[in-house]
Amino acid sequence: MPLDAAKLFDFDRLFEDLTAEGFGDWAATLKRETAAALSSDGHGSLTTWIDAWTKLPDIAADTIRLDQGAVEATGLISDDERAELRTTLQQFHPWRKGPFRLFDIDIDTEWRSDWKWDRLQNHVELRDRRILDVGCGNGYFGWRMLAAGASLVLGLDPFLLYVMQHEVLRRYLGPSCPNYVLPATDAIIPPRLNAFDVTFSMGVLYHRTSPVDHLKALHDSLKTGGQLVLETLIVDGDARRVLVPEGRYAKMRNVWFLPTVPMLELWLRRTKFTDIRLIDITATSTDEQRSTDWMTFESLPDFLDPADQTKTIEGYPAPVRAILTATGT
Ligand SMILES: C[S@@+](CC[C@H](N)C(=O)[O-])C[C@H]1O[C@@H](n2cnc3c(N)ncnc32)[C@H](O)[C@@H]1O
């Protein structure tokens, strides 16, 4: 598709496809809620980001690579255009999830999200599957899912900056690709939606005041027999233990429940998931999450106890993440 055909917030094909698949009522809800979210520009930032988006240089990629760590668009551009692109991309700071490479500009994001992808990609079949990614950030994983054969990826994230980053990336990586990021939360999933073959929730559960309600919503999103991929922070211990931080955890204000793996498995059984499998446990390293030129705020090295890297600055166990898969019933 030529770049001049690229439109901002162009979700019509998504709504049409969902309607054609029998989810017309939900498509209407998504359309209404998306319009509402995009018109409630609390701090005026969205207007600034949209203005920056319109200033992106009109250049088209010769080659797109979605199947590698740095999701990439390449093509011949002038030094002036590259400088203009870099300046405009930096207006969408902080870039947290990636990496991306656009016309030889390396967007070195806070997270090596590709490492998370490497840990899970062989445990989930995505070919011809319809995918929901709840809390998708800027949609990095959606591109990797398309490369793995997904027929449609719907990402939900309430943070408008990440929705805008996706709009920037979509412009060069494929305006017509079925990888969407909508400004919404898990609250938009109605009971018994039964729409998706695979639902991802990565890095979201511990932000929820009610993790069980989050798991119920994920279950509702899935077709019978559909697969959940769940990634979250965990602590060591048995099925009777869950850490609820007194205040901040790793300087984050909005962390509520860090279960043990047996506790998480119990929550999954109670919310009617079966075939629960633990596929990975990894302690987050300061190589995987760190400040960069594209995310200049504090990062993991600042969140750990300088005298003991196995603890957060508050004295809690340092971040360890588990990935589990489970089947919806
Ligand atoms: C730690 S990031 C994880 C991003 C990505 N899934 C990953 O694994 O790298 C958590 C994301 O969840 C989003 N989020 C927070 N509450 C949410 C909710 N109730 N529903 C959907 N997304 C939510 C945040 O805006 C943020 O982008």
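The model I consulted is a predicted one.

Entry on Asp308 and Lys311. I looked up this pair and found a salt bridge, with the closest N and O atoms 3.6 Å apart. The pair meets the criterion because that separation lies within 4 Å. I then checked accessibility: Asp308 has a relative accessible area of 26% and is partly exposed. Lys311 is partly exposed as well, at 34%.

Entry on Glu231 and Lys116. I found a salt bridge here, its closest N and O atoms being 3.3 Å apart. The pair links distant parts of the chain, since the two residues lie 115 residues apart. I placed Glu231 in strand E9, residues 222–233, and Lys116 in helix H5, residues 113–120. Both Glu231 and Lys116 are buried.

Entry on Glu33 and Arg32. I recorded a salt bridge between these side chains at 3.9 Å, N to O. Which of the two terms, exposed or partly exposed, applies to Arg32? Arg32 counts as exposed because its relative accessibility is 51% and the term requires a value over 50%. Glu33, at 37%, is partly exposed.

Entry on the total. I counted the salt bridges of the structure as 22.

Key:
Residues numbered from 1 in each chain as written. Predicted model: local features only at pLDDT ≥ 70, side-chain atom pairs only at ≥ 80, totals over all residues. Heavy atoms only, no water. Buried < 20%, exposed > 50% of the residue type's maximum accessible area, 1.4 Å probe, protein only. Helix = DSSP H or I, 4+ residues; strand = E, 2+ residues; numbered from the N terminus.
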